[in-house]
Structure formats: structure tokens, C-alpha cells
Amino acid sequence: MVLKGYTHIFSAVITLVLIVVYLRYIEKKSLFYPENEIVYTPEASGMRYDEVNFETSDGYMLNGWLIVQPAAKYTVLFAHGNAGNISHRIEKLKFFKQIGCNVFIFDYRGYGRSQGRPSEKGLYLDVKSAYDYLRSQGIPANNIIGYGESLGGAVIIDAASKNTMAALIVDSSFSSAKDMIKLIYPFLPHWIFASKFYSSGKIKNINIPKLIIHSINDEIIPYRLGRKLYDEAAPPKELLDIRGGHNSNFFESEDILKEKISAFLKGLPQ
């Protein structure tokens, strides 16, 4: 009887382990949607750019684009969302160029022409390496603007929590992976999943100016999670409510975004 009881316990433990392993596999597949094909380059929109390859601290080569224009004070360090690659952000690159900024966008490991496979820890190492690349090119830390869209918001918040920047812009992002898991899998305990992306905890200790942008109509990352991120952020901070779907709000709200981001940059301490 005792042996039979141990057998049941062992079977239950093995079953639980297999469930956790399976759910973490599904988690990774649902969190990262990398594409390798570069479908456009900035040149297609009339922008000159330098293709950049740089190495992470754990030995992966990453690929990115640096768009520089004369007299630009700020350089935007652009951390993109969880799907596609840098070639799917051409219009946003053009947007930042039009408001007078240099832009450095890079692909995380496993995206575009970058080596490796994506992971939360890996993305943090990637953005750190991108930041270090800008510094190696003589760009002052106080002239770097961190910008992150969606999942990239969590990535750039981590970078800003560990490195000096002039300001932080977080677009359509979330407070934590735990909050997103509660939304998507309300029937599962959050500890089953490996991802943390604890942005609301990190942003409490970031004291540079911050602009949090979120659409009230976002159907993928609810507005309340963007608002929670803003509420948890240390001052100085600003909140910009826009309209449109998660992947369309930039196009639907481009005019107000241009006006607000331009004013935000002009208001930064000189």
C-alpha cells in the first residue's frame, strides 16, 4: 500500500512537471514571433542609413540600422515589439527622423539577421549591447532617448533602469507578465510561467522624464495595464491617451503623437 501511494505521488509529480514544461513551451511560442526576412530597408522610404552589426556580452551578433541626420541632438534607441523585425517599423523610423532625431533600431536575437533565440534574459542583454554600441560611437548617455513599443516597452524600461538616458518613451506596453497572464490565462497560476517582465516594479526607480503612451481601444494590451504602468512610474511622467488598435494606433493617431512627442523632447532639461 505504501509503495502504491509513492507511485501515485511520483506519477502526479511527473505529470505536473510535464504540464509546466509544455506550458512554458507554449508561452515562448506565444510570446515571440520573429521573422527573418528583411522585407524593406529605410532606403525604400528615402532614408540614408548605416547597417550595423554588434556583439552581445554572451557572444551573439545582432543586426540593426542607424539613421543619422545633421544637427540632431537626440538619438532614439528603438526596442521593437514581439513580432516581425526591424523592417516592419519603417514608418516609425521615418516618424522619428521627421521630428529631428537620430534613430538606432536593432533586432533582438533570433529576429531578422540577428543570431540566437529570443528569451527574456536575452532581450535584456540585447538592448544593453545596443546601448553600449551607441556609447562606443561617441553618443553621450544624456542624449539617448529610450523608446519601446509593446513588448519592447518592457525591454527599454529594463535598459533605463540600469543605464543613463535623457528620457524614456513607452508605447502600448504592459505592467508585468503576471498581469498579462492573468488576462490571457485567468484559470492558471502565474508561477507556472517563466516570464516576468516586471516593468511596473522597475519604473518606480527610474527618475528621468517619462512619456507613457497607450490607446484606449487597445485590444491586445488593455489600457488599464498601460495606466497601471503610468501610475507606478516615478515622476517626472506624462500620460498620452490615443486611439486605435494595438497595431494600428500609430497610423490612426500619428498627428497627435508627432505633436506630443515633439513637445516632450523640447521640454527636456537642457
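**View 1. Aspartate 132 pairs with lysine 128 in a salt bridge, their closest N and O atoms lying 3.1 Å apart.** A salt bridge here is a side-chain nitrogen of Lys or Arg within 4 Å of a carboxyl oxygen of Asp or Glu. The model is predicted, so local features need pLDDT of at least 70 and side-chain atom pairs count only at pLDDT 80 or more, while totals for chains, interfaces and linings use all residues. Residues are numbered from 1 along each chain as its sequence is written, and side-chain values use heavy atoms, leaving out hydrogens and water. Aspartate 132 and lysine 128 sit four residues apart in helix α3, so about one helical turn separates them. Helices (H or I, at least four residues) and strands (E, at least two) are DSSP runs, numbered from the N terminus. Aspartate 132 has a relative accessible area of 34% and is partly exposed; lysine 128, with 34%, is partly exposed. The burial classes are buried under 20% relative accessible area, exposed over 50% and partly exposed in between (1.4 Å probe, protein chains only).

**View 2. Aspartate 126 and arginine 109 meet through their side chains in a salt bridge of 2.9 Å, N to O.** Helix α3 (residues 120-136) holds aspartate 126, and the loop between β6 (102-106) and α3 holds arginine 109, so this pair ties together parts 17 residues apart in sequence. What is the relative accessible area of aspartate 126? The value is 0%, and aspartate 126 is buried. Arginine 109 also counts as buried, at 4% relative accessibility.

**View 3. Glutamate 232 reaches lysine 204 in a salt bridge, with 3.4 Å between the closest N and O atoms.** Glutamate 232 belongs to helix α7 (residues 223-232) and lysine 204 to the loop between α6 (199-203) and β9 (210-215), so the pair ties together parts that are 28 residues apart in sequence. Glutamate 232 is partly exposed at 30% relative accessibility, and lysine 204 is partly exposed at 40%.

**View 4. Helix α2 spans residues 90-98 and has Ile90, Lys92, Leu93, Phe95 and Phe96 buried.** Lys92 also joins Arg89, Glu149 and Asp171 in a network of salt bridges. Just after α2, glycine 100 adopts a positive phi of about 95 degrees.

**View 5. Stepping back, the protein has nine helices and ten strands.** Of its 270 residues, 51% count as buried. The salt-bridge rule gives a count of 13.
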